[in-house]
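Work through the following exercises with the sequence and the coordinates open beside you.

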Amino acid sequence: MPEYRLKNKVIWVTGALGLIGKASVEHFLEEGAYVIGTDLLHFTQAAELSELERKFPGRFSLHVSDATDEGQIIGIIEIIKRKFNRLDGLFHNAYTQIWKSLSEASLEDWEFVMKGTLTSTFLVNKYAVSMMKQLGGGSLVNTSSVLGTVPVKNGPVAYGSAKAAVNHLTRMIAVENALFGIRANAIIPGDIKSENHAQAMDNLIGRSGRPEEVAKLAAFLLSDDSSYITGSLYPIDGGFNL
Ligand SMILES: NC(=O)c1ccc[n+]([C@@H]2O[C@H](COP(=O)([O-])OP(=O)(O)OC[C@H]3O[C@@H](n4cnc5c(N)ncnc54)[C@H](O)[C@@H]3O)[C@@H](O)[C@H]2O)c1
């Protein structure tokens with residue numbers, strides 16, 4: 001019998017229609033989880049995901065929900081409560097990016113990116129934690145970026161700063177909630193591309209990463225195999241950082 005790493009765990013994935021989100025939804029389902037996917041976009045825009053609803057009946061549902069809107073997040077928590085009365089894991093991927101440097105970015109650009117990337121992380125973690133606290137614990141995984149640790153010349157000032165703050169926020173959440181059995185970790189991807197867009201990269205491994213590789217790291221952090229890991233930041237960047 002194969003061992004299912006996420007057997008019967010209830011996991012919420014934000015940004016579920018994105019590159020990493022889609023690969024993660026599929027991988028978590030294959031690992032035995034129940035998955036609630038949320039995205040700004042409707043799932044009619046991702047045929048692969050409607051296929052997964054058919055392949056894993058009763059195990060996967062997708063909801064249109066804005067990760068920056070508190071009311072919509074509360075609505076998702078209500079759905080999860082009604083359906084499962086449990087939340088074991090959160091994988092937060094939704095974000096906003098505008099590639100503008102300090103001199104190019106307007107205040108509006110800055111606030112837009114901060115809201116989509118940092119405020120969304122605050123909100124979804126806040127409500128996931130409130131549910132996990134009542135139910136004995138869980139695992140939170142936030143997706144950061146190498147641009148939040150490496151200050152690239154003329155890089156995206158708001159996105160890089162927001163991702164740096166996501167790292168610190170994740171560690172603060174870990175400290176605040178360890179006694180409730182809640183772990184919080186962040187993944188720090190380098191350049192991740194689908195098979196079709198894979199390319200040679202200036203890192204130790206020499207190529208871009210695949211979304212499935214990020215999904216596997218997230219599954220490990222969401223599973224009980226990582227039960228002694230909290231407050232950690234995991235680069236997955238082919239050694240770009242070194
Ligand atoms: N792909 C990479 O190379 C890379 C590198 C470093 C970090 N990351 C991080 O990985 C995560 C996922 O990236 P990706 O490449 O899969 O991105 P993507 O653009 O393919 O997907 C992001 C998804 O999030 C959704 N989304 C955006 N704002 C939202 C909101 N407010 N509420 C709900 N959904 C929202 C989008 O509709 C989209 O489906 C992001 O946090 C990103 O910063 C990606």
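**Exercise 1: Confidence**

Find which elements of the protein chain have the lowest and the highest mean pLDDT.

Solution. Among the elements of the protein chain, the lowest mean pLDDT, 86, belongs to helix α2 (residues 47-55), whereas the highest, 99, belongs to strand β4 (residues 89-92). Since the model is predicted, the next step is to take the chain as a whole, for which the mean pLDDT is 96, with 99% of the residues at 70 or more.

**Exercise 2: Fold and dimensions**

Determine how the helices and strands follow one another along the sequence, and how the radius of gyration of the protein chain compares with the globule rule.

Solution. Counting the elements gives six helices and seven strands, and reading them along the sequence gives the pattern β-α-β-α-β-α-β-α-β-α-β-α-β. The radius of gyration is 17 Å, close to the 18 Å that the globule rule gives for 242 residues, so the protein chain is as compact as a globular protein of that length. Turning to contacts between residues at least 6 apart in sequence, one finds that 71% join residues at least 24 apart, and 43% of the 242 residues count as buried.

**Exercise 3: The ligand shell**

Identify which residues are closest to the ligand, and describe the shell by element and by class.

Solution. The ligand is surrounded by 25 residues, of which Gly-15, Gly-18, Ile-20, Ala-67 and Ala-94 are the closest. Two or more residues of the shell come from each of α1 (19-30), β2 (34-39) and α4 (107-134), and α1 gives the most, with three residues. Sorted by class, the shell has twelve polar, ten nonpolar and three charged residues.

Conventions:
Residues are numbered from 1 along each chain as its sequence is written. This is a predicted model: local features need pLDDT of at least 70, side-chain atom pairs count only at pLDDT 80 or more; totals for chains, interfaces and linings use all residues. pLDDT is the predictor's confidence in each residue, from 0 to 100. Helices (H or I, at least four residues) and strands (E, at least two) are DSSP runs, numbered from the N terminus. A residue is near a molecule or strand if its C-beta atom, placed from the backbone, lies within 6 Å of it. Ala, Val, Leu, Ile, Met, Phe, Trp, Tyr, Cys and Pro count as nonpolar, Asp, Glu, Lys and Arg as charged, and the others, Gly among them, as polar. The radius of gyration is taken over C-alpha atoms; the globule rule is 2.2 Å times the number of residues to the power 0.38. A residue is buried if 20 or more other C-beta atoms lie within 10 Å of its own, exposed if 12 or fewer, and partly exposed in between; C-beta atoms are placed from the backbone. Two residues are in contact if their C-beta atoms, placed from the backbone, lie within 7 Å.
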